[in-house]
Amino acid sequence: MNAKANKNQSSCIEPSYYQAVTQAIRTQAVQVLKDGTVAGVVGYLPGRRKGTARPALITTPEEAEKLIFSPACVNNLSVYLTKSKKGVLKQGRIGIVAKGCDMRALAGLMGESQIKREDLFIIAVDCAGVYGSGAERSESVTEANIARKCVECTVHHPEGADFVAGAATELSGLTPLEAEEMARIEALPQAERWAFWKEHFSRCIRCMACRQVCPFCYCEQCLCDKNRPQAVENSPRPAGNTAWHIVRAMHLAGRCGGCAECERVCPMDIPLNLLNRRMAKELKELYDYEAGLAPAEKGPLTQYREDDDQSFIK
Ligand code: SF4
Ligand code: SF4
Ligand code: SF4
């Protein structure tokens with residue numbers, strides 16, 4: 001499901017691109033609901049406010065005619081196949097609308113035996129990008145308002161789906177802000193790096209929105225909620241916050257597909273995806289592994305190999 005280079009580039013994503021994707025998704029969803037291929041489709045419907053979108057499970061061809069794909073379709077819908085929504089898959093084979101970054105989560109969840117490929121009908125979006133935080137909902141997508149993750153996207157053109165909607169044009173001349181920020185922090189002395197994260201972690205209010213939205217946080221009981229015995233202090237105080245963020249980062253290392261949903265929903269603007277990306281870089285350097293590129297593959301931290309690097313054991 002890796003990307004192919006796309007030479008089509010422009011300075012703004014035209015609304016006609018989203019309209020074409022919407023039409024293709026509707027046509028495909030109507031067809032698979034009508035012919036009984038799927039019992040339902042998880043996709044996006046218009047939100048209450050103009051220019052917004054909301055996730056929805058639709059089960060009739062009539063409802064499928066209302067599906068949309070717009071720059072406001074930011075959610076990673078794979079989370080609706082896990083956790084409390086496990087009942088969705090009990091209804092039968094399910095169609096799901098998935099951008100490239102969402103497909104990485106689907107692949108990871110298959111590797112962890114949470115979902116089976118044969119239970120899904122994947123309607124992938126050849127994806128040009130979605131809005132970043134604070135984007136004006138009436139504007140076209142440009143460098144100024146595109147999500148940070150989209151700037152450095154390597155999965156615009158997903159592979160391995162049952163159907164692909166649209167043909168993305170990528171924005172030209174984007175500045176890789178996240179990569180630059182990561183390089184800046186990596187160049188800091190250790191004490192300053194620690195001060196950077198300490199300041200961010202100190203603002204965490206432990207609302208757990210980042211956990212709720214993450215497709216890989218599906219444990220029935222999170223270690224961080226356990227209180228008999230208590231493993232991690234669960235009030236928003238410095239020691240507990242630091243422990244929570246270390247647990248989160250370690251638990252997601254080698255699994256996180258980089259959808260950046262955790263960062264998007266964080267009310268305290270904690271740059272969680274920077275930490276996710278740093279962990280992903282470690283995994284790439286240590287094990288030459290990238291999460292979510294191949295379905296049904298276990299990550300290096302969830303398996304043991306005799307030739308694993310042991311140098312971290314002092
Ligand atoms: S990261 Fe890539 S696949 Fe995901 S929304 Fe952005 S452009 Fe689309
Ligand atoms: S940790 Fe964040 S970026 Fe990674 S899969 Fe979970 S929500 Fe997506
Ligand atoms: S969403 Fe933000 S504030 Fe809430 S628990 Fe996660 S990091 Fe903390």
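Reader: What makes Arg117 and Asp162 a salt bridge?

Author: The term requires a side-chain nitrogen of Lys or Arg within 4 Å of a carboxyl oxygen of Asp or Glu. In this predicted model, the closest N and O atoms of Arg117 and Asp162 are 2.8 Å apart, so the pair meets the rule. The structure holds 16 salt bridges.

Reader: How is the model read, and how are residues numbered?

Author: Residues are numbered from 1 along each chain as written, and chains are lettered from A and ligands numbered from 1 in the order written. Local features need pLDDT of at least 70 and side-chain atom pairs count only at pLDDT 80 or more, while totals for chains, interfaces and linings use all residues; side-chain values use heavy atoms, with hydrogens and water left out.

Reader: Which parts does the pair of Arg117 and Asp162 tie together?

Author: Arg117 is in the loop between H4 and strand S6 (120-125), and Asp162 is in the loop between H5 and strand S8 (163-165), so the pair joins parts 45 residues apart in sequence. Helices (H or I, at least four residues) and strands (E, at least two) are DSSP runs, numbered from the N terminus.

Reader: How do you know that there are two domains, and what is the extent of their interface?

Author: The chain is divided into domain 1 (15-165) and domain 2 (177-287), with bounds from an automatic or database domain assignment. Their C-alpha centres lie 26 Å apart. Contact, meaning heavy atoms within 4.5 Å, takes 17 residues from domain 1 and 20 residues from domain 2. The two domains bury about 1,600 Å² between them, 51% of it on carbon and sulfur atoms. That figure is the accessible area (1.4 Å probe) that two parts lose on being put together, summed over both.

Reader: What makes Glu112 and Arg255 a salt bridge?

Author: Their closest N and O atoms are 2.7 Å apart, so the pair falls under the rule already given.

Reader: Why is a space called a pocket and not a cavity?

Author: On a 1 Å grid over the protein atoms alone, a cavity is a set of points where a 1.4 Å probe fits but cannot get out, whereas a pocket is an open set with protein on both sides within 12 Å along at least five of seven lines; lining residues have an atom within 4 Å of a point. The largest pocket has a volume of about 850 Å³. Its lining has 28 residues, and Met250, Leu275, Arg278, Met279 and Glu282 are the closest to its centre. H11 supplies the largest share, 8 residues.

Reader: What does the second largest pocket draw on?

Author: Its lining takes at least three residues from each of domain 1 and domain 2. The space is about 660 Å³, lined by 33 residues, with Arg104, Gly257, Gly258, Arg277 and Ala280 nearest the centre. H11 gives the most to this lining, with 8 residues.

Conventions
Points joined across faces, edges and corners; volume = space filled by probe spheres on them.
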